[in-house]
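Keep the structure open beside you as you read.

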Amino acid sequence: MPDISARVRELRSLENLAAGQTVIHRLHPLAKLLSAFVFIVFVVSFGRYEFVGLVPYLFYPFVLMAMADLPYKVLLTRVLVAVPFCLFAGVSNVFFDTGAAFAVGGVAVSLGMLSLATILLKMYLTVMAALLLVATTPFTELTAQLRRLFVPVIFVMVFEMTFRYIGVLFEEVYSMMTAYRLRSGTGKALDMRHMGSFVGQLLLRGFDRAERVHGAMCCRGYSLKHSPPARHRFRGADVLALATVCLPVVGLRIVGVLL
């Protein structure tokens, strides 16, 4: 039960961070969205052995975290969730790509180890860029910008529903687990013989809660096609911030290609 409540608090923490008043939070959402997109595209464009070329791109997460006054531990916890997937994707390279890349202190580093390190660094940079975007931009403004950029409505809707409803689903699980423990009298975790009925009840309660959530959103003016009016105008400071991120990102990639 404490684990479930902790997960609910973690889901809400990023949205709470987006309410900050730092210079990064006050930038136009479009500037932050475009800079994150350019950063992710150029990071992904690196080859499987270009670990050294990716290292300078660490400036982006560390500088933005410092300027936005964001807690590193909160963001790192979410980055670690993606580590197992990258390990499964890249650990085979260590066994099959055994050619020597270079040696450190007489110890040979294989191409497979180098490619695994590159995959992990790419994962860290891209996931951190997405987390920084969400942690510095209110969710409604972010989805509004996606609509203004003519992103297909279905993708925006799925993004909104997933982000909004997953927290609600965790809350339903938490309340059902509380009721289960109080009625069982043992205070223990869910018994496997009760798992089927528990999941079935969760599905029914989830559908009912989803309908109520969607009805409340429609009553408050939610629309799939129309975005709310922009709260900020694109200013010179936003153009400067966009150029400050994009120019080094593009420049580092060009230098890496030439070298």
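## Helix H10

Phe198, Leu202, Gly206 and Met217 are the buried residues to look for in H10; buried means under 20% relative accessible area, exposed over 50%, and partly exposed in between (1.4 Å probe, protein chains only). Helices here are DSSP runs (H or I, at least four residues), numbered from the N terminus. Helix H9 (153–184) is included in what covers the buried residues of H10.

After H10 comes Gly221, with a positive phi near 100°.

## About the model

This is a predicted model, in which local features need pLDDT of at least 70 and side-chain atom pairs count only at pLDDT 80 or more, while totals for chains, interfaces and linings use all residues. Residues are numbered from 1 along each chain as its sequence is written, and side-chain values use heavy atoms, with hydrogens and water left out.

## Helix H6

Next, H6. The 14 residues of this helix (residues 83–96) should span 20 Å at 1.5 Å a residue, which agrees with the 21 Å between its end C-alpha atoms. H6 has a kink of about 35° centred on Ala89, where the bend is the angle between axes fitted to the seven residues ending at a residue and the seven starting there.

Cys86, Gly90 and Asn93 are buried in H6. Helix H7 (111–136) is what the buried residues of H6 pack against.

## The nonpolar cores

A nonpolar core is a set of buried Ala, Val, Leu, Ile, Met, Phe, Trp, Tyr and Cys residues joined through side-chain atoms within 4.5 Å. The largest one here has 39 residues, and Phe39, Tyr60, Leu70, Leu75, Leu125 and Leu132 have the most contacts inside it. H7 gives this core its largest share, 11 residues. Apart from it lies another core, of seven residues, including Val173, Met176, Tyr180 and Leu202.

Tyr60 deserves a click: beyond its neighbours within four places in sequence, Tyr60 is in contact (heavy atoms within 4.5 Å) with Ser35, Ala36, Phe39, Ala129, Leu132 and Val245.

## Cysteines

How many disulfides does the structure hold? There are zero, taking a disulfide as a pair of cysteine sulfur atoms within 2.5 Å. Cys219 counts as exposed because its relative accessibility is 73%, whereas Cys246 is buried, with a relative accessible area of 15%.

Methods
Helices (H or I, at least four residues) and strands (E, at least two) are DSSP runs, numbered from the N terminus. The expected span of a helix is 1.5 Å times one less than its number of residues.
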